[in-house]
Every structure is written in structure tokens, then in C-alpha cells.
Amino acid sequence: MHRLAAVSWIALPLAGALVLSGCSSAKSNSDELQIVANPVAARPAVSPAVTVKPAGQVLGSGSVSAVAVDPKTSTLVVAVPAPPALRLYDLNALASPPVNMPLYGPASRLTVTPGKVEIAEPGQGVVQQLSLPDRRLTETKTGGQPASSIAYGADRLVAMGAGKDVQVLPPAGPARTIGGQLYSADDVVDTGDGVVVLDRLRTAVFSLDVAAGKVDEGLRAGDGAANVVADSYGRVLVTDARAGALIAFSASPLIMRQRFPVPGGAYGIAYDARRSLAWVTLTERNEVVGFDVRGGEPVEKYRFPTVRQPDSVGVDENSGRVVIGSAAGEGTQVIQP
């Protein structure tokens, strides 16, 4: 039986998520992991009206569900929910109209591998792959509600949300499923040193042994783990939306390395590997903050006002430009630090 390791030395008052103590069999009456009757995943804090002009340039209008940048082709990809579509912008010609590509349903997550963008569409049980610069969409039916998808060697890993598992999709042949311990599989990241799964319901992160097909050890990730990204140092960085923090875990072995307070509704996160900057959105304040994460603790380098409800963020590693998506209908913002 795998154990969810306790980290009580950083415990904070709970916000209706869970109390961490040990064994992870959610179906057992003797489950040592005590949780509330109906755990709820962390959500972004509701943003106030914008009182300071957003920095940089705002592209178009409408709500945004996810953003991503492909540095190889200098393409900004914006997912809009109504009607579901991708808007593709040339980062070298932002004044030009975007290319519009319809989707089956709203995208929950965009993940970039140079020259390709993975698109998870949970409402339709589909993940798609956008190849660039030819702009071809290839679909894979997964069933269920895929929450995110990443390239992993020749395969793809799909976090299946409420399905509580991760699907491994080979280039050909049937998929295989890796499950166990998870209450929800909301995102999956490859650090280069190991694969980690984010579980928002359990507000935890877990190591995933893809070769062995099993979920390994897990650790509590604050009071409301919201989003996760890999950095350049074999770690994953997690935003804690309830307690207001940025948490760093090494992936192999899975160990908490840092917990840094970030008040203001920390939610979205993106990472600039060229500059070692983690960009975190603060939805309570309509701000985005850039932290240098090379040292013993994050150091704030930038802070900018944003569009309202900045739930999603991406970064162009070529130029350092930061992209913020408004979930409240105020478009896409591009900032040059």
C-alpha cells in the first residue's frame, strides 16, 4: 500500500479540502486519509473590476479558457469557449487578424511541445494535437473528461480528471490506463526527472511511474492546489489558491523543497525556462507576478496589472513576453517585461 506522506510542518488551516495522515484507499472504511464528505477542487478567486489599466497590449475581447505559446513557430494559441475555437496569432505580427480554428468543445488546457500543441476538450471526451506551422488538427477519442494532455516520448499522457487515472496513448495500438490513489487526475507534467500528476480534489501531487504503470508516492500540496508546471531544475511548481502560496517539489524523489507565500489569489502559472521565471496570476488583485526561482526561495522580479479574471497565463521564451487570458470576457493580454 502506497502512503501519502505527511508534511505537517507546513500545515495551514484547512479550507474544506482534506486532512493528511496516511493510507490512500478511498474505498476502505478504515481509510487513514480523513477528508470532508464532499471535497471540492480549488477555484480561482473572483476578480474585482479593473481599476488600473492593464499593462501591455490587449488583443480582441471575449472569454479565454487557456493560452499557450509555441516558441519554435512564434505562435500564440488562445482557446476561447464560445463558440469553442482556437485563435492563432503571429507573435511577430500581433496587429494581424488571428487564424480561427473551430474545436469540438471548450479546451481546458493547452500544452506545448515545440511545433505541437496538445488540446484537452473534456466536454467532448477528446484530445487533439495541433501541429505547427501547418495548422493541422489530429483528434484522439479518450472518452471520459480529459483534463490535460502532454507529449511523452513517442506516447502521450492524458490526465482523465474525474476518471481518476492517466491514459498512456501510444502512436498506434490500444491505450493503457494508470490509476490508483487519485481522487482526480487534473494535470500531468514531465520534469525530465520524473512525471507528476496534480490531484485538485486531494490537493496533492503524485509521482507517476509510467514504465511500471503505477501511481507512486504523493505529497500534500497546500490547502488548494490549483495549477502546476515543470521548471528547469527537475521540480514542479504548484499554486495554492486557497492559502495563497507557490510550492516547489522535486520530482525524483518527490520532496517538498519550497513553500513561498503569494497573497492575492495565486492561480495560473507558466514558466520561462530561458530566464528561470515563474509567472503567477493573482485573481483577487488582477495582477501577474514574475518570480525568479533559481535560488533558495522565489524572488519577485516583475508585477503588472492585468485584465479581469486572469485565470490563464503563458510565456514566450524567445522574447520573454507574458500572455494572460481573461476568463471574464476581457480578451488576451500581451506584456513585454
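A residue counts as buried when its relative accessible area is under 20%. The exercises below apply this and related cut-offs to a predicted model.

**Exercise 1.** Determine whether Phe291 and Phe260 are buried or exposed.

*Solution.* Phe291 has a relative accessible area of 2%. This value is under 20%, so Phe291 is buried. For Phe260 the relative accessibility is 18%. That is also under 20%, so Phe260 counts as buried too.

**Exercise 2.** Classify the ring pair formed by Phe260 and Phe291, and state which strands it joins.

*Solution.* The structure holds 4 aromatic pairs. In one of them, Phe260 and Phe291 have ring centres 5.8 Å apart, with planes at 75°. Centres within 6.5 Å make a pair, and planes over 60 degrees apart count as edge-to-face. The pair is therefore edge-to-face. Next, locate the residues: Phe260 is in strand β22 (residues 254-261), and Phe291 is in strand β25 (residues 287-292). The pair thus ties together parts 31 residues apart in sequence.

**Exercise 3.** Classify the ring pair of Trp279 and Phe304, and find the cluster to which these residues belong.

*Solution.* The ring centres of Trp279 and Phe304 lie 6.3 Å apart and the planes meet at 25°. Planes under 30 degrees apart count as stacked, so this pair is stacked. Trp279 sits in strand β24 (residues 277-282) and Phe304 in strand β26 (residues 299-305), 25 residues apart. Trp279 is buried at 0% relative accessible area, and Phe304 is buried at 17%. Finally, ring pairs link Trp279, Tyr302 and Phe304 into a cluster.

Terms used:
Residues are numbered from 1 along each chain as its sequence is written. This is a predicted model: local features need pLDDT of at least 70, side-chain atom pairs count only at pLDDT 80 or more; totals for chains, interfaces and linings use all residues. Side-chain values use heavy atoms; hydrogens and water are left out. Rings of Phe, Tyr and Trp (its six-membered ring) pair if their centres lie within 6.5 Å; planes under 30 degrees apart count as stacked, over 60 as edge-to-face and the rest as tilted. Helices (H or I, at least four residues) and strands (E, at least two) are DSSP runs, numbered from the N terminus. Buried means under 20% relative accessible area, exposed over 50%, partly exposed in between (1.4 Å probe, protein chains only).
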